[in-house]
There are 2 protein chains.
Amino acid sequence: MQQQLRCSRVASSRITPRTRTSMVVMASAKPKLQLMVNSCTGKMGQAVAEAALRAGVELVPYTLCGPADVATNATVNVAGHALTLVPPSTRDAVVEELKGRYPHLLMVDYTLPDAIHSMVDFYVKHRTPFVMGTTGGDRAKIAAQVEASKVYAVIAPNMGKQIVAFQATMDLMAKSFPGAFSGYKLRVVESHQSTKKDTSGTAKAVVQSFVELGVPFDVSQIELVREPKAQMEVMKVPADAINGHAYHTYQLVSGDGTVMFEFQHNVIGRTTYAEGTVDAALFLAGRIDANDDKTLYNMIDVLRAGAMR
Amino acid sequence: MQQQLRCSRVASSRITPRTRTSMVVMASAKPKLQLMVNSCTGKMGQAVAEAALRAGVELVPYTLCGPADVATNATVNVAGHALTLVPPSTRDAVVEELKGRYPHLLMVDYTLPDAIHSMVDFYVKHRTPFVMGTTGGDRAKIAAQVEASKVYAVIAPNMGKQIVAFQATMDLMAKSFPGAFSGYKLRVVESHQSTKKDTSGTAKAVVQSFVELGVPFDVSQIELVREPKAQMEVMKVPADAINGHAYHTYQLVSGDGTVMFEFQHNVIGRTTYAEGTVDAALFLAGRIDANDDKTLYNMIDVLRAGAMR
């Protein structure tokens with residue numbers, strides 16, 4: 001999942017490439033953190049564990065899994081590290097033992113929507129701080145339960161920091177300059193892998209901001225691209241990213257056609273979400289170190305904390 | 001100047017075109033306004049006068065001009081309306097007389113950078129409220145002088161409302177989420193008519209926000225496109241807009257190349273700036289009606305006032 005985006009208009013760059021430094025900077029502040037990534041049998045858990053290792057974070061060699069996983073294997077491999085699979089039948093005992101061995105234990109969860117309530121119950125019961133990227137469930141109920149428990153947590157349905165920043169920024173624009181795009185026409189196109197049947201939640205949230213900016217538009221007008229041929233030819237998705245991408249284009253054109261604004265955010269694979277999850281874990285470890293009165297956070301909180309770097 | 005932008009990626013739209021309504025809405029609130037547009041011998045003044053007529057604003061049939069203009073003509077034509085040219089030699093007497101005939105007189109200025117200080121002196125001396133779109137001069141000195149005079153004014157180097165909103169929004173993002181794009185590479189390309197020799201001021205302002213967002217970049221790295229061939233082939237500027245356009249593309253790519261953000265704002269001709277100027281004049285007339293304590297405004301104030309519509 002390290003493909004280069006092919007950018008049709010501005011294809012080359014004068015700027016010398018540089019590697020991502022933000023996590024390294026945060027890690028150098030050394031919040032005490034021992035990270036246990038659950039569901040490492042899944043692709044997202046695997047990606048987060050790999051991102052944690054790249055960031056120099058201590059990875060706890062255990063991972064919660066489903067009963068079916070342990071029927072075939074006792075461990076899962078992450079970048080050469082064997083993690084012991086912990087099924088539901090033993091997880092309560094194992095986690096209590098791990099809390100003793102890893103005093104700065106923090107968990108990451110990317111289980112399935114169906115499991116989200118039982119996982120939240122589990123983290124609250126054992127009072128293990130956690131970062132929850134899993135979607136679904138009764139979000140208001142989960143937030144209320146976690147907040148009341150005072151267990152430290154970051155809960156966010158999208159861990160892509162820059163995408164969350166963009167979405168929040170469009171909301172800031174709408175709140176600051178209501179009606180500024182009055183008289184404009186909007187077109188929204190999003191492309192995702194064909195297994196995604198519903199409309200992009202990010203696109204729906206951004207459209208709401210454009211409506212507040214004065215543009216009449218209904219989320220049903222968002223155009224969904226799910227056919228590989230159109231994804232490659234129209235959206236310029238690389239062939240090897242057809243099964244894992246999130247491309248969004250928002251285009252605003254003035255009534256007389258003389259002004260055009262276009263916003264795009266195109267993501268390939270899981271790397272950015274995995275890195276954002278590790279950023280969230282480092283942020284939460286810092287909040288625990290600081291013994292913060294506030295215990296429940298989202299990605300906006302993680303982004304705002306950028307000021308501390 | 002009514003060319004349609006040709007949008008390469010999303011070329012058609014499901015949305016029914018609708019005309020621009022914001023000015024009509026503002027005009028329906030009927031602030032008392034009699035608009036005198038100076039420099040109607042120039043292209044920008046002409047465009048503003050036309051936009052005022054389209055918005056149903058009363059146009060005062062006089063316009064300040066340079067001495068050379070009156071050597072050849074006594075009037076200038078704006079959409080069938082003859083405006084009497086007023087040279088510097090008679091302008092003091094004429095304006096005092098017009099103030100009596102037009103109690104809600106408000107002036108718009110798009111003269112030359114060289115003339116800006118003498119024009120500001122003129123408006124302050126006669127205490128005529130004004131909207132100043134002229135660039136250049138000592139901006140701090142002008143602001144201090146106008147503020148001290150308590151003459152009502154909107155002063156802004158860019159009257160394109162949506163462009164100003166975009167620029168302010170990038171600043172909001174930088175202030176809210178500093179460092180959020182740490183590790184990203186930036187590329188900025190701007191295309192303007194070949195007569196524009198310097199780098200786009202808007203691009204320079206937006207780049208400053210990206211720097212605060214964690215992207216190392218110097219304004220000298222902004223790529224200027226001034227050759228018609230490249231403008232048409234690379235930037236997709238329509239052939240008939242080569243002599244009057246402002247195209248900007250900002251592209252952010254993550255260190256590993258899996259995430260790309262792109263922001264574009266492409267303007268053809270002067271219509272959007274002319275309409276923004278009329279919006280500013282309507283806004284200022286409303287502030288005068290309200291006898292507001294604050295007297296000096298910029299386009300951000302005009303945009304924020306959108307909340308009142």
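Analyst: Welcome! A definition to start: two strands count as paired when DSSP finds at least two bridges between them. The structure above is a predicted model.

User: How many helices and strands does chain A have?
Analyst: Let's begin with the elements of this chain. Chain A contains both kinds, namely 11 helices and 13 strands.

User: Which strands of chain A form the open sheet, and in what order?
Analyst: Strands of a sheet pair through backbone hydrogen bonds, either parallel or antiparallel. In chain A, the pairing in this open sheet is parallel. Its 6 strands come in the order β2-β1-β6-β7-β8-β13.

User: Which are the edge strands of chain A?
Analyst: An edge strand here is one that pairs on one side only.

User: At what angle to β1(A) does helix α2 of chain A run?
Analyst: Helix α2 covers residues 43-54 of chain A. This helix lies across β1 (34-37), β2 and β6 (105-109) of chain A. Relative to β1(A), helix α2 runs at about 160°.

User: Which domain does the UniProt annotation give for residues 34-159 of chain A?
Analyst: Over residues 34-159, chain A is 40% helix and 24% strand, with its end C-alpha atoms 20 Å apart. The unreviewed UniProt entry annotates this stretch as "domain: Dihydrodipicolinate reductase N-terminal".

User: Is A:E275 buried or exposed?
Analyst: A:E275 is found in helix α10 (residues 271-289) of chain A. Buried means under 20% relative accessible area. A:E275 has 11% relative accessibility, so this residue counts as buried.

User: How far apart in space are A:E275 and A:M299?
Analyst: Along the sequence, A:E275 and A:M299 are separated by 24 residues. From C-alpha to C-alpha, the distance between A:E275 and A:M299 is 12 Å.

User: Which backbone nitrogen does the side chain of B:S254 reach?
Analyst: Now over to chain B, where B:S254 is found in the loop between β11 (245-253) and β12 (259-268). B:S254 counts as buried because its relative accessibility is 6%, and the residues it touches include B:G183 and B:Y184. At 3.3 Å, its side chain reaches the backbone nitrogen of B:T258.

Definitions and conventions. Residues are numbered from 1 along each chain as its sequence is written. Chains are lettered from A and ligands numbered from 1 in the order in which they are written. This is a predicted model: local features need pLDDT of at least 70, side-chain atom pairs count only at pLDDT 80 or more; totals for chains, interfaces and linings use all residues. Side-chain values use heavy atoms; hydrogens and water are left out. Helices (H or I, at least four residues) and strands (E, at least two) are DSSP runs, numbered from the N terminus. Buried means under 20% relative accessible area, exposed over 50%, partly exposed in between (1.4 Å probe, protein chains only). A polar contact is a pair of N or O atoms within 3.5 Å; within protein, one must be able to donate a hydrogen and the other to accept it, and residues adjacent in sequence count only if both atoms are side-chain atoms. Contact means heavy atoms within 4.5 Å. Axes are lines fitted to C-alpha atoms, for helices over the stretch in contact, and angles run from 0 to 180 degrees between N-to-C directions. UniProt positions are given in the numbering used here, feature names are shortened, and annotations may be inferred rather than shown by experiment. Lists of a residue's contacts leave out its neighbours within four places in sequence.
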